[in-house]
Structures are given as C-alpha cells and as structure tokens.
Amino acid sequence: MSVYLPTKSTTDSKIIFDDCIDQLYEIVQKYKETHDIVIGGDFNEDIVKETNNSKRKIALLEFMKECKLTTNHKGPTFINTSGADISEIDYFLHSNIDLQPSKRITDHPVNVSDHHPILLQMQCYLTQHAQQTSNNQKLKIKWEKLDKQQYTDIISKEIIKYSDMLENDNESIDQIIKDTTNLMSETAKKVSKQKTYGKNKLKLNIWNKEIADALKANKQAYKIWKDNGRPMNIDHPLIIEKKLTRKTFRTEIRNEELRRKHNERNILIHSNSGDKNLFL
C-alpha cells in the first residue's frame, strides 16, 4: 500500500492522522492472514528522533506494534528549504522480517523533490487468475450519467418486435410485459457505467459478537460526528465518543486474538505428544 499521512500544518491534523491509522489498521486486520503486508510512503512523522515525543509518533508506533510491522532506519529523508537533511519521515512498514532493509537514495540524478527516494526490493511471484464475475454484486444505475440517446435508440429499435407481438392473439400479455421490462433493464445496464458495492466490505479473520457490537457502535459514532458537521475540537463530545468506540473496537479484536492464542496453547499443553495432527 502507498500512503501519505497528513502534515502538522492544521489544528485537526492529529484527528485526521488517527483516522488514517485506523483505516490502515482495518486493512491490515483484513489481509494479514493471507498477504504479506507492505506499507510505504510519507508518514509525516519522525519515529527515529529520540527527542520527538509527539502523540502522532506514539500512535504510529502503537499501530506498528499491534500489527506486528517493522521498519529500518535509513537516515533523514526530508530536505528543508536550506537543503539540509533534517528528519526521517518516509518508511516502508512490513510484516516480513526476511526482507532486505530499505535504502535511502541520495544521489538520484533527476530528483527535484524535497524528499529523498527510498527503495525496498522484494521477490514476488505473480499468478494470473481468470476473471470471475459475482452474482452477488449489486448494480446501481446512475441515470444522470446514462447515455440517454443511446438508451432511446436501442429501445426504439428493439421495441418494434414487441408491438408486433401485441397484435398476435397467441402471445401472452404477461410474457410481453416481462420481456419488455427486461429489455429496458438490460439496456440501462449496458449503456451506463456500473459501480459495484460490497466488494471491499471489512471482513476480519477474527470475529465474535463483541467485535461486531463494537464495530457497529463505532460506525454509529462516526455517522453522528459526520452528520453534525465533523467538529474538529479534540474536546468535543462527539470526537471523544468516536475515539472511545474505535479504541473499544480494537481492544475487542486484541482480546479475541489473545483468547484464541490461549486456547491453542492449552490444547498443545494437554495434548498427547503422539498426536500426528498436532505434532510432526
């Protein structure tokens, strides 16, 4: 994943920063069991400088610890207006400890940015899969973006045969109506740009009723905060409620992870060492 986290230039930067971290947390939780996680980009926070005790740094380090992500230090990556390297704010966070350390490139011949490029090399195996279509995708037609002229032309051309069928006493009126309705529906889908919903819905590998309730409460708190104009004062009750419900959600995930690890450990402790399903 490529990221750009907010700068410190606004008073609400910590709130936006936390929201970004929460989104990254959900993505990692969704894919960590099936993918190697690599998050690269400008995090706009120096987690190396010992004198930096900002809340943003603490939040980023906690996120890395919870998601078992690591990085390496390459030296300053940000260049100030005087041309001096002053802080390291660009990183690759990843879950694969076997990856080679990332590098800072300081001698790129055409770099005009105020950041030094960073490089991470990894070995990838790409497999091409046949494109699959899902019958569960919900299609929504945006009539305001539909090509109405093309829609009219197709309907005008195809509707003639249904007019002829109406004059035939052997044809079922109900069937003609059904076919005409299908024609209009399929034509609308054909000439409009389709958007699918539900494909990227959060699906955690760890789930229980407590997590579901916590996520529901967090979504409700976010909706109330959004409907009330997105107040940015950190002492605002809606901001506090949104943060508390998000914290509860993440806590419930950690609790379930610990519970499962504890159960697995107990199974191993009390199992027969000759059980070939557990011991090789």
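Predicted model: local features only at pLDDT ≥ 70, side-chain atom pairs only at ≥ 80, totals over all residues.

Residues are numbered from 1 along each chain as its sequence is written, and side-chain values use heavy atoms, with hydrogens and water left out.

**The whole chain**
- The chain has six helices and nine strands; helices (H or I, at least four residues) and strands (E, at least two) are DSSP runs, numbered from the N terminus.
- Of the 280 residues in the chain, 31% are buried, where buried means under 20% relative accessible area (1.4 Å probe, protein chains only).
- Among contacts with a separation of 6 or more, 65% join residues 24 or more positions apart; contact means heavy atoms within 4.5 Å.

**Helices H3 and H4**
- Two packed helices are described by the angle between their axes and the distance between the axes.
- Axes are lines fitted to C-alpha atoms, for helices over the stretch in contact, and angles run from 0 to 180 degrees between N-to-C directions.
- Helix H3 (residues 148–166) and helix H4 (residues 173–191) have axes that come within 10 Å and cross at roughly 165°.
- H3 and H4 are therefore roughly antiparallel to each other (angles over 145 degrees count as roughly antiparallel, under 35 as roughly parallel).
- Residues making this contact include Ile154, Ile155 and Tyr162 of H3, and Ile176, Leu183 and Val191 of H4.
- By class, the contact of H3 with H4 has 13 nonpolar, three polar and two charged residues. Ala, Val, Leu, Ile, Met, Phe, Trp, Tyr, Cys and Pro count as nonpolar, Asp, Glu, Lys and Arg as charged, and the others, Gly among them, as polar.

**Helices H1 and H6**
- Helix H1 (residues 13–31) packs with helix H6 (residues 237–269) at an angle of about 25°, their axes being 12 Å apart.
- That makes H1 roughly parallel to H6.
- Among the residues in contact are Asp18, Asp22 and Glu26 of H1, and Lys242, Arg246 and Arg250 of H6.
- The contact of H1 with H6 divides into six nonpolar, one polar and 10 charged residues.

**Histidine 94**
- Histidine 94 sits in strand E5 (residues 90–94) and is buried, with a relative accessible area of 6%.
- A polar atom of the side chain of histidine 94 lies 2.9 Å from the backbone oxygen of asparagine 96.
- Leaving aside neighbours within four places in sequence, histidine 94 is in contact with Ile37, Val38, Lys68, Leu69, Thr70 and Leu99.

Notes: Buried < 20%, exposed > 50% of the residue type's maximum accessible area, 1.4 Å probe, protein only. Polar contact = N/O pair within 3.5 Å; in protein donor to acceptor, adjacent residues only side chain to side chain. Parallel < 35°, antiparallel > 145°, perpendicular 65-115°, else oblique.
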